[in-house]
Amino acid sequence: MVSFYTRFVESTSHPKYIQVESKLEFSRLVCALERMPRVSFLHDHEGTKVLSVQIDLLKERPVIYYTPNDDSGHYLCYGFKFGKEDTGVVENTNDNSKLYSPIIKIRDMPNILKDGNGEGTRYHPVRLEDMASLAKLSYGLDEVPFPLFAFPHNKKWLIGLFMNFNEDGPSYFLYVQMDKKPNMPFLRYSLNNGKMPEFVENPDGHGYTYIKIIKLKEMHPLVDHSQLQN
């Protein structure tokens, strides 16, 4: 989007590119639960065509998530087929049951938009007691809850969200440690029934708040590993 490019131009730091686990994870990131799907950018990254989107700005450094893409088309399509997620790159938006992320094709990337190294400011990890505490961080938000990012660490999986408590302060990764990889794409919870949040395959049930989960291919490179607890 225009804001994506503007923020890049204003930033004095090179962005950090982080690969998600699959194109389905990327589609969920840009489309699922959004009032309007985010725009995806198609460009070269380290010799590979990728789809990318900026999700955060860490001390003026754009944090960009991406997935390789060899398919041709104008839109990234996302929806559900028989209750399960379905995605693809298509030429048009004729199916009203689906969500579409417009694909903007960048021919030449200026140096300022190219990947920087992993040094500099990082997210400070904060381990939470349980999944309910993580879900309640979205309480009071008028817009779509922040996505939860999940990635492996020391034979465990960490799942959490990135946030800061004031604009000029440090940024944090608030997380819960899991023994296994989360295999469902959404977390649902309710403040009214007293039950613990649960992982579900789709956001169809009424009376709940849903948070999308995005799995990364590897450990998040901008989380301060030295502060993580085992």
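I counted the secondary structure and got three helices and 14 strands for the protein chain (DSSP runs, helices being H or I with at least four residues and strands E with at least two, numbered from the N terminus). Housekeeping: the model is predicted, so I note that local features need pLDDT of at least 70 and side-chain atom pairs count only at pLDDT 80 or more, while totals for chains, interfaces and linings use all residues. Residues are numbered from 1 along each chain as its sequence is written, and side-chain values use heavy atoms, with hydrogens and water left out.

**Overall form.** I checked the radius of gyration, taken over C-alpha atoms, against the globule rule of 2.2 Å times the number of residues to the power 0.38. A compact globule of 230 residues would come near 17 Å, and the chain has 17 Å, so the two agree. The C-alpha trace spans about 50 × 45 × 35 Å along its principal axes. Next I looked at burial (under 20% relative accessible area counts as buried, over 50% as exposed, in between as partly exposed, with a 1.4 Å probe and protein chains only). Buried residues make up 47% of the 230. Then contacts, meaning heavy atoms within 4.5 Å: of those with a separation of 6 or more, 65% are between residues 24 or more positions apart.

**The seven-stranded sheet.** I traced an open sheet with mixed pairing, in the order S8-S11-S10-S9-S14-S12-S13; strands pair if DSSP finds at least two bridges between them. S8 (124-127) and S13 (198-200) are the edges, each with a single partner strand, so one side of each has no neighbour in the sheet. Neighbouring strands are turned by 35° against each other on average, direction ignored (axes are lines fitted to C-alpha atoms, for helices over the stretch in contact, with angles from 0 to 180 degrees between N-to-C directions). Further in, I found S9 (148-153) and S14 (209-215) parallel over three bridges, with phenylalanine 149 partnered by isoleucine 214. Helix H2 (23-31) lies across S9, S12 (186-189) and S14, at about 140° to S14.

I then followed two hairpins. S2 (40-45) and S3 (48-58) are antiparallel over five bridges, and histidine 43 stands opposite valine 50. Two residues lie between these strands, and glutamate 46 takes a positive phi near 55°. S3 goes on to join S4 (61-68), antiparallel, by eight bridges. Valine 50 turns up again here, as the bridge partner of proline 68. This hairpin also has two residues between its strands, with lysine 59 at a positive phi near 50°.
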